[in-house]
Amino acid sequence: MNAENTLSRFKLISGLDDSEALKWSDLINEAREYIGSLVTKEDVFELDEKRLDNAAAVYAYYRYLSYTISDESSFSAGDLRLSFNNDKLRAAKEMWESELESLQDIADTEKTLFSFKRVK
């Protein structure tokens, strides 16, 4: 995996500029370590590394949004009512789940965090 590739992908996905994205470098590095811990394939090829970089960027983006999007869905102040749309967070979660699914051939996706699993 390549830290610069992961950062570049994170900036592309998030739309953050260089200075803003660098503020989240610890989060991006944690995402890289987490994705790296899932890898089960012994010989990872260049294309696999690019896929892992992308997955780490998507995971970092999902976590970034979960920290920066307000938990409040709406609030009222007198006659004024404001609502927040969490579609971005839902889309990021779906993107993360899709990335994770695409790594099944090189990673143990069953080791993923419990918060991404659904109880039926």
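Start by selecting Val58: at 1% relative accessibility, this residue counts as buried (under 20% relative accessible area is buried, over 50% exposed, and anything in between partly exposed, using a 1.4 Å probe and protein chains only). Val58 sits in helix H4; helices here are DSSP runs of H or I with at least four residues, strands are E runs of at least two, and both are numbered from the N terminus. Before going further, please keep in mind that this is a predicted model, in which local features need pLDDT of at least 70 and side-chain atom pairs count only at pLDDT 80 or more, while totals for chains, interfaces and linings use all residues. Residues are numbered from 1 along each chain as its sequence is written, and side-chain values use heavy atoms, leaving out hydrogens and water.

**Around Val58**

Now show the contacts of Val58, meaning heavy atoms within 4.5 Å. Apart from neighbours within four places in sequence, Val58 is in contact with Ile13, Met95, Trp96 and Glu99.

**Zoom out to the chain**

Colour by secondary structure next, and you will find 5 helices and 2 strands, in the order α-α-α-α-β-β-α along the sequence. Of the 120 residues, 32% count as buried. Among contacts with a separation of 6 or more, 67% join residues 24 or more positions apart.

**H4 against H5**

Select H4 and H5 together. A pair of packed helices is described by the angle between the axes and the distance between them. Here the angle is about 155 degrees and the axes lie 9 Å apart; axes are lines fitted to C-alpha atoms, for helices over the stretch in contact, and angles run from 0 to 180 degrees between N-to-C directions. H4 is therefore roughly antiparallel to H5, given that angles over 145 degrees count as roughly antiparallel, under 35 as roughly parallel, 65 to 115 as roughly perpendicular and the rest as oblique. On the H4 side, the residues making the contact include Arg51, Val58, Tyr62 and Leu65, and on the H5 side they include Leu89, Ala92, Met95 and Trp96.

Is Arg63 buried or exposed? Arg63 is buried, with a relative accessible area of 17%. Beyond residues up to four places away in sequence, Arg63 touches Leu27 and Glu30.

**The nonpolar core**

Next, pick Phe10, Ile35, Tyr64 and Trp96, which touch the most other members of the 27-residue largest nonpolar core (a set of buried Ala, Val, Leu, Ile, Met, Phe, Trp, Tyr and Cys residues joined through side-chain atoms within 4.5 Å). Helices H3 (25–38), H4 (46–68) and H5 (87–102) are the elements giving two or more residues to this core, and H4 supplies the largest share, 11 residues. Centre on Tyr64, which touches Phe10, Leu16, Trp24 and Leu27 when residues up to four places away are set aside.

**Last stop**

Finish at Asp43, in the loop between H3 and H4. Asp43 is exposed, at 54% relative accessible area. Select Ile106 as well: the C-alpha atoms of Asp43 and Ile106 are separated by 9.2 Å, with the two residues 63 apart along the chain.
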